[in-house]
Amino acid sequence: MAELPILSIMTWSPFVAALIVMFFARHRPLLVRWVSLIGATVSLVASLWVYCAYDYDAAGFQFHEEFSLVPSLGISYLLAVDGISILMCLLTSIIIFAGVFASWTVKQRSQEFYALLLLLVTGVYGVFVSLDLFIFFLFYEIAVLPMYLLIGIWGSTGEVRPQGIFGWAFGRTGVGTKEYAAMKLTLYLLFGSAFILVGILALYVAGGSQTFSFLAFEQMEFDPTLQSWVFLAFYIGFGILAAIWPFHTWSPDGHAAAPTAVSMLHAGVLMKLGAYGVVRLGMGLLPEATVEWVWLVGAIACINIVYGALSAMAQTDLKYVIAYSSVSHMGVVMLGAATLTASGLNGSVFQMFAHGIMTGLFFALVGLVYEKTHSREIYKMGGFGTMMPGIATAFTIGGLSSLGLPATAGFVAEFLTFLGAWESNYSWWLFPAVFGAFLTSIYVLRVAGQIFWGPKSTDPHFQHLPDAQGTEWAALGILVFVLVLFGVAPSIAIGPIDTATGPLLQRLLGQ
Amino acid sequence: MSLGSLIPVGPELLLFTTAVVVILLGAFGARRAAGPLTMVGFVAAFAATFFIPEGAFVFNDQYEQDALAIFAKQLFIGSAAISLLGSMTMTHRAFRDRSAEYHFALAVSVLGMSVLVSARELILLFVGFELMSIPLFLLTGFIKRDPVAPEAALKFFLVGTASSAIIVYGMSFVYGVTGTTTIDAIPQALAAGHPLMMLGMALLLAGIGFKIAAFPFHMWAPDTYEAATTPFVAWLSVAPKAAGFVALIRLFVEGVGEASLFWMPAVSVLAGMTMVIGNLMAIPQQNIKRMLAYSGIAHIGYMLLGLAAFSTSGIAMMLFYLVAYMFGNMGAFLVVETIAQSEKSEGMEAYRGLAQRSPLLALSMLIFLLSLGGIPFVAGFWAKLYIFWAAIERGMYGLVFLGALLTVVALYYYLLVARRMYIEAPDKPEPVPVSAPLRFGILICLVGVVGMGAYPGPWVTLAQRVASTLFS
């Protein structure tokens, strides 16, 4: 069994499912769903297997798979995972598994919807497992492009129109519509990938050894000036996907307009792709430049945390609140990475996972609420807790994790990150970070209170609302379970993370 | 003189014969045979290019069939054949009545290009240019009753003749310095760096810049594209530009070696400006042919970037780009022709909901546009990547960065078409009918785009082999 290409199975099983859905399931919606579910299950099982079989003592990259694709240029299909990537793969598989259930009710052109969704997931897995930078980039593009159609066709246009002094101008650009959001998201992310491509090519040419292998690049010493600007290129390129300020504005629009499963996947996993890219390529390959630029990364992360939280407070559209909270939480991820301390880096990676599950849960819930009420406006809703207790409970657990309550995954992540910030060379980072967590508790509790626990809305549409049913429970149950599990027993994740962040830190600080 | 000695110029002879036979048949009334006959001629000429002994010199060494010339001829004739597939089902009255003239002009223009890329002598080069250009003016204004066609043809004609004049003027300086009209004398004279020589070459650069529609000589392209018939435009957007690039290679690169780097700043600026102008002007276009015209200008900018590297890999990647661009652009134009035949419109609204009416046609268009936009797994991605690569080897980080950013702009306007096709709802449910020749043409382009995207290796090897002979 040692030779089983488990990473390829994990990566390509959604793709195979997508092909089957596209070619054999025309006009058979139930078959579409079952094939997708099987594809997602295979990848979930594979990722769990990798997670369990990973050898913690040996650490480093394991499960190597390699064959040469374009020998003349040194491009090869090189896959392997380390402690960070196995956790990210696990996250991806959980989210897509839940996402298939969450989109069970998609009616319009469901065949294409599932095919594109699964294609997207293949791209995401590919990014996490590939060690050849060229293949990495190709997977990255697969993960970005289907978004345009997914949001453009199946997305929803918000009800809250732009207001205020720029309301007219924003209205002219079509802000808030799904077409606008789809185009904005795609262009922003492709704009970022232009930076990444130039950075990768520059490393390849500077390395001069006809290879795109991450492991080979890791051994090289690049010139400091080259390192410096390539790091910035990677930081901006991947950072756009991680929604760093001021390049974050695609994310609220995109996530609010996207259909449920796509929001879950995008906010839950794709944004992590950006943070993963910064940590893996930026920090992993360019140690000197990392030390040179952490002040910028950390400072912008602080802005993200506070700015995202303040923006979330100001929203009246439920989906926008969740979307802006992602901007804030991604700030925590970037801050943890910038601390260059063991606890900070561990917190950063843990937050990638915790936020992925949490925001996936939130978007699944928002999707459910919207499906039942056909509204996303917070201040029109109220007192739903009595009618939909299950949804209300799940939302509250997610919210508590979001504001960092102990016994949830969010607590572990934020605690480690804050600890790292205090230990770092820039201890003042702690203050904006904690302030952000405080703001988070305000907006989360206010939203939960208004919608679920407050006085009942008098709106006649909202008098008889059903709770979650059937497959909908599956998505909620899995996500809540994981959220609490990793909060109670964080060592499940900290173990593998530590095997990867330890050597990375040694390399960074050994300079 | 034995018959065997004619093999090196086989394609040219076949093209010439085709042109003569078609126009004579037309004179005797057999107009309907013109299209199929020209197609047979093109296929035969295309096949004949494979029998040319590489490196053959004929006509007192003034005519050379090297790897580049053969490569270019295959590109010209192949693209002309694809264009013919598009024009076979054209129903316009002008095509019924004057079919012979159309095909005669097309064949003669291909012949002109073929002469141009083989010329080792300035005057022959110029004759090739004119033989290529004059039929193009005729073909642009072919539907002469349409009010915009004569205007576009006139504009194209004036710009074209002005550029020819500039080319001849430049050649006169080159002749004055070298004392000969053979191209082989240029490298030496360039190395000596005589100012008049530089002036002459600068004029040549400007003149050929007109032909390939590089900034600031690009203005004729959108009007011409909009007015002329679509299958012809599909070919016009590829072949004459390829010919212009080959002329640039012959004059500025071949045998010159490192001295050609003198032109790098000028060509770089030209490349950068062309990319910027083409991409920005394409955004507001509401007519898809105008949009493709401006995007084509932008693509010329990318190819110029490859030329600006003045290296083996730069030239090779430019040739690769030409092939990728040919498949992507011609495919897109053929889809435009299909839609135009069924919807009688070349506006963007004609594409509304195409994905639900004709999923395969919409998917083809999407693939062509993504290829033009440079998305992975289709030809255009490798083309752009290789061009950037070659430029980075010369340290042109700034231009590569600009080019990479502009691909995002390009994707914006390509995605606007995707939005019409995929996101918006159709006005009517019935599928778009696609005639058999068009279907075949689109299929060829699709195979080209996807094949080059999935397996670029052989094409890269070919382009590198062609380019390497220029520097030896």
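1. Thr186(A) sits in helix α8 of chain A, where helices are DSSP runs of H or I with at least four residues, numbered from the N terminus. With a relative accessibility of 0%, Thr186(A) counts as buried, a word that here stands for under 20% relative accessible area, while exposed stands for over 50% and partly exposed for what lies in between (1.4 Å probe, protein chains only). Apart from neighbours within four places in sequence, Thr186(A) is in contact with Tyr148(A) and Leu415(B), contact being heavy atoms within 4.5 Å.

2. A word on the basis of these values: this is a predicted model, in which local features need pLDDT of at least 70 and side-chain atom pairs count only at pLDDT 80 or more, while totals for chains, interfaces and linings use all residues. Residues are numbered from 1 along each chain as its sequence is written, chains are lettered from A and ligands numbered from 1 in the order in which they are written, and side-chain values use heavy atoms, with hydrogens and water left out.

3. Between the two chains, 30 residues of chain A are in contact with 26 residues of chain B. The area buried between chain A and chain B is about 2700 Å², 88% of it on carbon and sulfur atoms; buried area is the accessible area (1.4 Å probe) that two parts lose on being put together, summed over both. On the side of chain A that touches chain B, the elements giving two or more residues are α5 (133–144), α6 (146–154), α8 (178–207) and α10 (224–241) of chain A, and the largest share, 14 residues, comes from α8(A).

4. Chain B is itself divided into domain 1 (1–255) and domain 2 (259–472), with bounds that come from an automatic or database domain assignment. The C-alpha centres of these two domains of chain B lie 22 Å apart, and 49 residues of domain 1 are in contact with 46 residues of domain 2. Together the domains bury about 4300 Å², of which carbon and sulfur atoms give 80%. In domain 1 of chain B, Phe71(B), Phe215(B) and Phe245(B) lose the most area to domain 2, together 16% of what that side buries.

5. Two salt bridges are found across the interface of the two domains of chain B. Asp223(B) forms a salt bridge with Arg290(B), with the closest N and O atoms 3.1 Å apart.

6. The structure holds 22 salt bridges over all chains. In one of them Lys289(B) pairs with Glu346(B), the closest N and O atoms being 3.3 Å apart; Lys289(B) lies in helix α13 (residues 288–308) of chain B and Glu346(B) in the loop between α14 (312–343) and α15 (354–357), so that the pair links distant parts of the chain, 57 residues apart. Lys289(B) counts as buried at 1% relative accessibility, whereas Glu346(B), at 22%, counts as partly exposed.

7. Arg352(B) and Asp427(B) also meet through their side chains in a salt bridge (3.2 Å, N to O). Arg352(B) is partly exposed, with a relative accessible area of 26%, and Asp427(B) counts as exposed at 59% relative accessibility. Elsewhere, Glu64(B), Asp66(B), Arg120(B), Asp184(B), Arg250(B) and Glu254(B) are linked in a network of salt bridges.

Terms used
A salt bridge is a side-chain nitrogen of Lys or Arg within 4 Å of a carboxyl oxygen of Asp or Glu.
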